[in-house]
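The following paragraphs go through a few residues of one model, with attention to their place in the fold and their surroundings. Please keep the sequence and the structure in view while reading.

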Amino acid sequence: MRKRQTRHLGIKTEMQNGNYSSAALLLENLLSEEGSHVGVLSDLAACYYMTAEILKMNQTVEKLLLEYNAAKDFLSSESHSRTLLMLGKMQEERGRLADALEFYSLCANLSDAPDNIRLKARASRLRLHSILNLNDSSGDYLECSTAFAKGTDLQAELEHSLILAEAQMFGAEQAFERWKLAQEHKHHCLDENIFFYDLIEIVGYQQGFQSALMKKLIRQAPAPIDAFEKTLHRWSEDVPSYSFKDYYDLSKQLTLFSHLRLLAVALKNQFQDSHV
């Protein structure tokens, strides 16, 4: 076990450096040589998510579910809670939203879980509730809005969730103000992009891509990284559309939930344009 842990820690450094493809190969070798483990499978699923290998991600999540169900009674509290959080994220991306909310809630309610992981679960639940326009997240909003996590990886999770929650509760203008507050703190470039393009999605859905707020925002746009961000960036400069070819092309690069979110924005704007 110690050998596996040592090798796994080394691979995590590869992931932290953004070397997800090489990390995935190392994790595959580790699984082959040392056997199945929830931590290794979680990181492998994350690597496939980051490299947009959606089929492999789905296959790995299925293995993770099996391993978790077999091992959950023997996991440490930290390993248990981290696995629940990862399962929530992966099921969310796969469009299995009820399952995702259940995993987030199990993690948030796990009494012996580390506080930072429980708060991440509450932030994730708040974020997903907000995207789905559900109204039963006031407790999570209060907890996340009063938490102090400056200088930690939790801070980005909290700020992301608050942007989306305030968009749902108060509208795109308030989400824009919350985004500006988040800009006062230094975040990883991936987090900065997620904040910005989720805000673009919100403004595009609530106000349209020709709105004054959209024009103000797009002047500050960071370079899009993945297919989701590139699609929103293109739409911000043109009329949103979502053809069969778009769907087919993006199906190779995006998770199901990202697809559905783009489709919702495109249909809302096309409906509005047809009634102008």
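Val265 is located in helix α15, which covers residues 256-274. The model is a predicted one. The relative accessibility of Val265 is 2%, and buried means under 20%, so Val265 counts as buried. Apart from residues up to four places away in sequence, Val265 touches Glu201, Gly204, Tyr205, Phe209 and Trp235.

Next comes the surface. Tyr247, Leu256 and Leu260 make a nonpolar surface patch of about 270 Å². Tyr247 belongs to helix α14, residues 244-251. Is Tyr247 buried or partly exposed? Its relative accessibility is 38%, and partly exposed covers values between the 20% limit for buried and the 50% limit for exposed, so Tyr247 counts as partly exposed.

With a relative accessibility of 2%, Gln91 counts as buried. Which residues are in contact with Gln91, leaving aside its neighbours within four places in sequence? They are Val61, Leu65, Arg96, Leu97, Asp99, Ala100 and Phe103.

Methods
Residues numbered from 1 in each chain as written. Predicted model: local features only at pLDDT ≥ 70, side-chain atom pairs only at ≥ 80, totals over all residues. Heavy atoms only, no water. Buried < 20%, exposed > 50% of the residue type's maximum accessible area, 1.4 Å probe, protein only. Contact = heavy atoms within 4.5 Å. Patch = residues over 30% accessible without salt bridge, like charges linked within 9 Å, V, L, I, M, F, W, Y side chains within 5 Å. Areas by Shrake-Rupley, 256 points an atom, 1.4 Å probe, with all protein chains shown as cover. Salt bridge = Lys/Arg side-chain N within 4 Å of Asp/Glu carboxyl O. Helix = DSSP H or I, 4+ residues; strand = E, 2+ residues; numbered from the N terminus.
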